Structure formats: C-alpha cells, structure tokens
Amino acid sequence: MIIKNKVVERELHKEQKLMILMVLPITLFFFGLFLGGPPSEMLAGLKKIMLSPTILVTDFLEVGGIGAAFMNVAVITFFNLFLLWRFKMRINGLLIAAVFTVAGFSFFGKNIFNILPIYFGGYLYSRYQKIPMRNTILVVMFATALAPIVSEISFAGILPAPYSLISGIAAGILVGFIISPLSAQMLKFHDGFNLYNIGFAAGIVGTVLTSVLRSLNVTITNMNTLYLAHHHTITLMLAMFFVYLMGVGLYINPAIPKSYRIILKYTGRSITDFTLLLGYGMTFFNMGLLGLAALAYITAVGGVVNGPVLAGIFTVVGFGAFGKHPKNCYPIVLGVILAALVIGYDLSSTGIIITVLFSTTIAPIAGTYGLGVGILAGALHMAILTNVGSTHGGINLYNNGFSGGIVAGFLVPILDAFKKGED
Amino acid sequence: MKHEIKKISRIVDELTTLFLKEDTNEVDFSIKILPEQTRITISAHATHFTEADVEQLKNILGAQRQYEVEEYYWQLAGECDDIDHELTLVGAMVDEATVEIKEGSLFIELIRYTK
C-alpha cells in the first residue's frame with residue numbers, strides 16, 4: 001500500500017511558498033515591460049485585449065502584442081496569488097495547478113475584464129450558501145475557463161450597448177454562481193481520471209449557454225487569431241524559469257536525484273497532491289522537469305511558442321503539482337502524436353501542439369492502466385477533441401478538459417468491467 | 001454545512017473500502033454527530049497493517065483540513081473500489097485524526113468540526 005512517503009526536506013513557511021510562486025508574475029511583468037515598447041503602445045494593446053471577444057482561439061500575443069499580453073498575464077497571476085494570501089490558503093498542489101492554469105490561459109482568453117464577474121458570482125454563491133469564500137475560491141479560479149462568454153456577449157455585437165455589457169457581466173456572474181455544485185457533480189462521471197475536471201463542467205455549461213444563444217438566432221463565430229512568429233526570447237525565458245523551479249526543488253530537497261523515481265509510482269488520479277505526498281521540493285522539481293520536456297518537444301517539432309502553446313505549457317507545469325509526471329504523460333502524448341500522424345496533421349501546427357500538451361489531462365488513465373491503454377486513450381482524445389469544440393462554440397477555454405472527461409467517462413467503466421480480479 | 005451527512009457517509013465509505021480491501025474482514029464503525037463536531041471511530045480487527053502503515057495513515061489523515069479541496073472533490077470519496085484510495089481527500093475533510101494499533105486491532109478516530 002503506497003499512501004505517503006516519508007519526506008525529509010527543508011521546512012518552508014506559507015509566505016516562502018507564495019514567494020517562490022510570485023517569481024512567475026514578476027518575471028512575466030518585467031519580460032512584458034522590456035519587450036512591450038512605450039507605455040502608450042502597451043496600454044493600447046491591453047485595451048485591445050480587453051475589448052476582444054476572446055473566444056477560441058484568440059491569441060493575445062497577436063491581438064495586443066507581446067508586452068500587453070505578458071502584462072495581462074502578470075496582473076492576473078498577481079491577483080490570484082493575492083487572493084491565496086488574503087484567504088490564508090495552504091499552498092497545496094491543486095492551488096499551484098490553478099495558479100498556473102489561470103496564468104497560462106491569460107495568454108489566450110482570460111483578461112482582467114472578463115474574469116472578474118466570475119469571481120463575483122463565486123462570492124455571491126458563498127454568501128448564498130453561508131460558507132466562506134475561501135471554500136469556493138479554487139473552483140472559481142478554474143471556472144474562469146468560461147470567461148469568453150463575458151467578452152463574447154459584451155463585445156461581439158450580439159446586443160446593442162450598453163445591454164451587451166450588462167448581459168455579458170450577468171452571464172459571468174451566473175457562471176461563477178453555478179459552477180461549484182456542477183463541478184463537484186461532474187467528477188463522478190470520470191471518477192477523477194480527468195485532471196481538468198472544470199473543463200468538463202465548463203464544457204457542459206458552455207454547451208447549454210451556446211445552445212440558448214443559438215436558439216435565439218445568435219451566431220457564434222470561432223476565431224483563429226494566432227501569433228505565428230518564432231520568438232526565441234520567450235522560449236529562453238521559459239527554460240530559465242523551469243530551471244529555476246528545478247533548482248528550488250533541489251534546494252528544498254537535495255535527495256531528489258536519488259528519490260525522483262518514487263513520483264513515477266503514483267497513478268495521478270485525483271486527488272494526487274504531490275505537495276502533500278512527496279513534499280514541495282519534489283513537486284517544484286517535477287514541475288520544472290515537465291516544463292523543460294514540453295519545451296523540448298515544441299522545439300523538436302519546430303512549433304511556435306504563442307499564446308495557446310504557452311497556456312498548454314503552463315497547464316502541464318501546474319498539474320506537475322497535482323497528478324502529472326513524465327511516466328503517466330508520455331503514453332497519452334504518444335497516442336495523440338500517432339493519431340495525428342495517421343490522420344495526416346502537421347505536428348508543428350499550434351492546434352496539434354496544444355492538443356499534445358493538454359491531452360495530458362487524462363494522464364491518470366495511463367498511470368493506472370499502463371502504456372497500451374494510455375496510447376489508446378490519447379488517440380481517442382484526439383478524435384473526440386476535434387468534434388466537441390463546436391458544441392460549446394469555443395466559449396470553454398478548457399476544451400481538452402471537456403474532451404478528456406468524455407474519454408475517461410467512456411473508457412474507465414469498460415476497462416474496469418473487463419479487468420481481471422475477484423471484486 | 002451543506003451535504004454534511006453525505007460527506008460523513010463518504011468518509012466512512014472510503015475507509016470501509018480501504019480496510020476491507022487492504023486489511024481485514026471485520027470492521028466496526030461508530031459515528032456520533034454532536035452540535036459542533038462529528039466523531040467517527042473505526043476499529044479494524046486483526047489488522048495486518050504495520051507500524052509503518054500506521055505512521056503513513058497518521059500523516060495523511062492528520063494533514064490540515066482543506067475546505068477548498070473538500071468543496072471541490074468530496075463526491076470522489078468512496079467512489080473508486082480498487083485503484084487508488086482517496087485518503088488525501090479524507091485527510092482534507094477532517095480536522096483531527098488519531099491512529100493507533102491496540103491488541104492487534106487498528107483504531108482510528110476522526111474529528112470533523114462543523115463550524
């Protein structure tokens with residue numbers, strides 16, 4: 001029975017853990033500042049980002065420029081870390097995953113305007129249920145997956161101003177209000193085998209909202225705004241940040257080179273909180289390692305590191321604290337790559353790169369059932385993903401979480417039914 | 001607290017599964033709901049768990065209560081029967097845990113404050 005390994009590492013206070021994470025927005029802030037040009041240009045870029053419909057796929061690096069996009073991410077990440085500090089949260093693996101996921105999707109889809117109504121909806125839910133806001137903050141952070149609904153209704157010309165703005169904000173508040181009970185319920189569908197559970201819940205909410213809009217003869221048009229230039233400075237900055245994470249991990253727990261293989265024994269199924277099971281040193285090291293692996297893959301296939309790809313990388317790194325490790329990720333990745341090759345997709349295209357990265361949402365399937373099933377799950381994920389996007393019209397940013405939920409909900413009961421065993 | 005009885009039932013469900021799958025064929029449970037706390041006591045008779053296992057259980061069940069994890073994941077407790085155990089989740093749903101072996105039986109007492 002593997003429950004928890006004995007962890008010997010340097011003790012860290014909550015504030016020190018927050019400071020380790022705070023390096024992320026500080027790095028992004030100065031990176032944006034140096035590459036962003038004059039302040040007026042950056043402000044204009046930020047305005048463009050906030051006024052865009054942000055529906056899938058709207059790359060903020062292209063919409064507002066590199067400086068404004070990085071500034072948007074830095075501000076949103078600061079805001080979320082401030083909330084964790086304000087609510088005195090224990091910095092666990094899930095919160096680390098949430099911070100990195102929100103940060104990543106702030107490169108394409110989430111901005112300072114469209115996330116706030118969702119937080120307010122979460123606050124109203126906690127007041128309604130008479131529970132502290134800290135209980136729901138985690139779900140609400142992830143729920144910003146549906147932030148594009150706020151921007152789409154507000155700025156896509158569906159309604160005349162100012163009704164559009166009021167309706168957009170109201171939709172965001174509604175999402176924040178209903179997402180907590182929904183996300184808890186959706187877990188049972190995939191039994192924790194889909195790490196981006198909110199992506200599945202958001203896919204359901206997005207499908208309902210999009211269907212209502214479509215029944216009112218509203219046309220939701222998908223976007224395809226992508227930054228397509230190779231910017232090696234971004235890759236270099238990311239590589240340095242991931243080396244920093246690994247360095248911090250080694251500082252906290254110098255025995256990692258000898259003990260790292262322990263992490264590979266975990267299936268990754270929710271809840272696999274590495275901060276609790278293996279300590280912060282191992283967690284940060286694993287996150288950095290996964291980040292470098294993701295960068296190496298993108299470089300190898302000649303992909304562009306743009307907004308969606310950055311979101312993919314950050315999400316993989318974030319969930320390196322909550323379930324993902326190289327051993328349970330690679331079979332899924334292999335399955336997606338094989339399926340893409342069979343279908344004839346270009347591996348260097350942004351669409352395939354982000355599918356490869358986000359497909360690791362179902363890494364626990366490979367962690368539990370092994371290489372063969374992992375490859376099958378990855379291939380199935382690729383097939384389903386290409387069909388589910390249209391159901392929610394691109395307003396659910398965690399489209400892979402939606403697809404991953406379907407894959408897990410479909411495969412796991414079948415695998416369990418035919419598994420050998422007495423019970 | 002919302003769904004309080006269901007949450008307590010799921011904690012019991014998870015631990016019942018753990019002991020019957022991994023340890024013994026005789027388990028007693030007692031649940032006492034008081035105005036400010038719920039007390040769950042478990043006795044797994046003729047336990048095969050070692051002191052090392054007890055130490056692991058102490059660490060994981062005695063971890064800090066995490067309300068945000070409970071709010072998000074409580075419905076997963078007791079869901080899976082033979083893959084992983086959701087002891088991290090149980091640890092996140094209780095405030096105090098006592099784990100010890102006495103006369104060949106494993107005793108666990110879990111306290112969950114309701115306010």
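This is a walk through a predicted model, from the overall build of chain A to its domains, helices and backbone details, and then to chain B.

The chain contains 20 helices and zero strands. Its C-alpha trace extends over about 60 × 50 × 50 Å along the principal axes. The contact pattern can be read in terms of sequence separation: among contacts in chain A between residues at least 6 apart in sequence, 80% join residues at least 24 apart.

Next, the domains. Chain A splits into domain 1 (14–215) and domain 2 (232–417). The C-alpha centres of domain 1 and domain 2 of chain A are 21 Å apart. Where they meet, 50 residues of domain 1 of chain A contact 51 residues of domain 2 of chain A. On the domain 1 side, several helices of chain A each supply at least two residues, including helix 1 (14–35), helix 5 (93–105), helix 9 (163–190) and helix 10 (197–215). That side of domain 1 of chain A is made up of 31 nonpolar, 15 polar and four charged residues.

Leaving aside residues up to four places away in sequence, I313(A) touches G104(A), L238(A), G291(A), A294(A), L295(A) and L357(A).

Helix 6 covers residues 112–129, and at 1.5 Å a residue its 18 residues should span 26 Å; the end C-alpha atoms are 27 Å apart, which agrees. Its buried residues are F113(A), N114(A), I115(A), P117(A), I118(A), Y119(A), G121(A), G122(A), Y125(A) and S126(A). As background, an α-helix has 3.6 residues a turn, so residues three or four places apart point the same way. The cover over the buried residues of helix 6 of chain A includes helix 2 (39–51), helix 4 (66–86), helix 7 (133–143), helix 8 and helix 9 of chain A. After helix 6 of chain A comes K130(A), with a positive phi near 60 degrees.

Helix 14 of chain A covers residues 279–301. Its 23 residues reach 34 Å from first C-alpha to last, close to the 33 Å expected at 1.5 Å a residue. Just after this helix of chain A, G302(A) has a positive phi of about 75 degrees.

Now for some backbone details in the loops. Most residues other than glycine have a negative phi, and most peptide bonds are trans. Against that background, the bond from A161(A) to P162(A) is cis, with omega near 0 degrees. P162(A) sits in the loop between helix 8 and helix 9 of chain A. Another cis peptide bond links S270(A) and I271(A), with omega about 10 degrees. I271(A) belongs to the loop between helix 12 (256–259) and helix 13 (274–277) of chain A.

D191(A) is not a glycine, yet it has a positive phi of about 55 degrees. It is placed in the loop between helix 9 and helix 10 of chain A. Is D191(A) buried or exposed? With 20 other C-beta atoms within 10 Å, D191(A) is buried. In chain B, E103(B) also has a positive phi, of about 50 degrees, although it is not a glycine. E103(B) occupies the loop between strand 3 (96–102) and strand 4 (105–113) of chain B. This residue, E103(B), counts as exposed, with 6 C-beta neighbours inside 10 Å.

Finally, how do the two chains meet? The contact involves 29 residues from chain B and 31 residues from chain A. On the chain B side, two or more residues come from each of helix 2 (51–61), helix 3 (67–73) and helix 4 (87–93) of chain B. Helix 3 of chain B gives the largest share of that side, six residues. The residues of chain B that form this side divide into 13 nonpolar, six polar and 10 charged.

How values were computed: Residues are numbered from 1 along each chain as its sequence is written. Chains are lettered from A and ligands numbered from 1 in the order in which they are written. This is a predicted model: local features need pLDDT of at least 70, side-chain atom pairs count only at pLDDT 80 or more; totals for chains, interfaces and linings use all residues. Two residues are in contact if their C-beta atoms, placed from the backbone, lie within 7 Å. Helices (H or I, at least four residues) and strands (E, at least two) are DSSP runs, numbered from the N terminus. Ala, Val, Leu, Ile, Met, Phe, Trp, Tyr, Cys and Pro count as nonpolar, Asp, Glu, Lys and Arg as charged, and the others, Gly among them, as polar. Domain bounds come from an automatic or database domain assignment. The expected span of a helix is 1.5 Å times one less than its number of residues. A residue is buried if 20 or more other C-beta atoms lie within 10 Å of its own, exposed if 12 or fewer, and partly exposed in between; C-beta atoms are placed from the backbone.
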